[in-house]
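Please read them alongside the sequence and the coordinates.

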Amino acid sequence: MTDSASLIPSLPPLPSTVGPTVPALDLHMHSTASDGLLAPAVLVRYCAEHQVRWVALTDHDTLNGIPEARQEAEQQGVALLAGAEISSQWGNMGIHVVALLPQGEAAALAPSSVMAHAFAVVQSARETRAEKIAQRLEKKGLPDALEKARALAGGRSAVGRPHFAQAMVEAGLVPDHKEAFKRYLGAGKVGDIKTLWPSLQQVVQWIVESGGVAVLAHPLRYGLTRRRRGLLLDDFVAAGGQAAELVSGFENSDKIRDLARQLHERQLYASFGSDFHRFQGPFAPGRYSPIPEVAVPPVWTHPLLAPWFEAHTAIS
Ligand code: AMP
Ligand code: MN
Ligand code: MN
Ligand code: MN
């Protein structure tokens, strides 16, 4: 995959500190390989057309979208980092960890590699969980729930709660996704089954052992108090996690600044991404809240990622 570096035309270097002028970079996005709207190639083309030049495709629990995205990225002059958003559990909570994999998808998926094992575990957990969700939703009036969710996910997609939500909307049980989550699929509801995911510690360990960077996804979106978020960050660091998303989509600027202090205290690097799934309100690839000027180093300066970003910078 490093060959692709020579095909990327002159990307400007990224700054070594963060501030409001950074983006052109998005390290958290979804495609049809999980629950996103756009096919991987279409997503990458959109990024190229909108000057988003460094991207990570981070579908839920799979690298399946990366080869198609890579082909398009090479044509479009977009620097594509292999990635995935991996499901884990911390206590009784579902926590997402973004794996940034500078070693590339081929190395990550090599037979008997750590990440190949990790993906096998989470994908099988996802399958078993889908069966359980389906059983529960059938009792709530959604016949053939699993078949419907699978069909909506398409052949290669990881079946997830958004596919069940869509099936419920189409069956007329709820008016929209939001209501489906509120009543049936959200935290604590009948279709919320978390206890099947590997532990946060395990997921972080797999990523780090494989040579990747583990990024705690959207720390402000778990409904945690500041104190409990601190405990989550402590456990994440103790497991070997290196970074957290300082800005994920659109969030309150005071909360982002406060999160920056929590990252700084733990010497975590800051990552940035839209968590794009579909166009809705301000959501689009490469778009997220302004980055505050803070004393947290950006994740592209992490020793495991800096060589990759340098290789994809200013090579003409
Ligand atoms: P899963 O990976 O199957 O657990 O599904 C989680 C995904 O569902 C998230 O990544 C979001 O894309 C989506 N999601 C979670 N909560 C909501 C919500 N309240 N409304 C709409 N979509 C949601
Ligand atoms: Mn999602
Ligand atoms: Mn997530
Ligand atoms: Mn996501």
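1. The manganese ion (ligand 4) is coordinated at 2.1 to 2.2 Å by His 28 (NE2), His 30 (NE2), Glu 85 (OE) and Asp 275 (OD), in what should be read throughout as a predicted model. Along the chain these donors follow the spacing H-x1-H-x54-E-x189-D, and both His 28 and His 30 are buried. The manganese ion (ligand 4) and the manganese ion (ligand 2) are separated by 4.7 Å.

2. Because His 96 lies in strand E4 (residues 93–101) while His 218 lies in the loop between strand E5 (213–216) and helix H9 (226–238), the pair ties together parts that are 122 residues apart in sequence. His 218 counts as buried because its relative accessibility is 7%, which is under the 20% cut-off. Between the manganese ion (ligand 3) and the manganese ion (ligand 2) the separation is 5.7 Å.

3. A search of the whole structure finds 2 cavities of 30 Å³ or more, and the second largest cavity has a volume of about 30 Å³. Which residues line the second largest cavity? They are Met 29, Pro 40, Leu 43, Val 44, Cys 47, Val 55, Leu 57, Ala 69 and Leu 80, so that by class the lining has 9 nonpolar, no polar and no charged residues. Helix H1 (40–49) and strand E2 (54–57) each supply at least two residues of this lining, with H1 giving the most, namely 4 residues.

4. Turning to helix H5 (residues 145–153), Ala 145, Leu 146, Ala 149 and Ala 153 are buried in it. These residues cover an arc of only 95° around the axis, and therefore they lie on the same side of H5. What covers the buried residues of H5 includes helix H4 (114–139) and helix H6 (161–170). Just after H5, Gly 154 takes a positive phi of about 80°.

Methods
Residues are numbered from 1 along each chain as its sequence is written. Chains are lettered from A and ligands numbered from 1 in the order in which they are written. This is a predicted model: local features need pLDDT of at least 70, side-chain atom pairs count only at pLDDT 80 or more; totals for chains, interfaces and linings use all residues. Side-chain values use heavy atoms; hydrogens and water are left out. Buried means under 20% relative accessible area, exposed over 50%, partly exposed in between (1.4 Å probe, protein chains only). The arc is that of the directions from the helix axis to the C-beta atoms. Contact means heavy atoms within 4.5 Å. On a 1 Å grid over the protein atoms alone, a cavity is a set of points where a 1.4 Å probe fits but cannot get out, and a pocket is an open set with protein on both sides within 12 Å along at least five of seven lines; lining residues have an atom within 4 Å of a point. Grid points are joined across faces, edges and corners, and a volume is the space filled by probe spheres set on the points. Donors are N, O and S atoms within 2.8 Å of the metal (3.2 Å for Na, K and Ca); water is not among the atoms, so sites may look incomplete.
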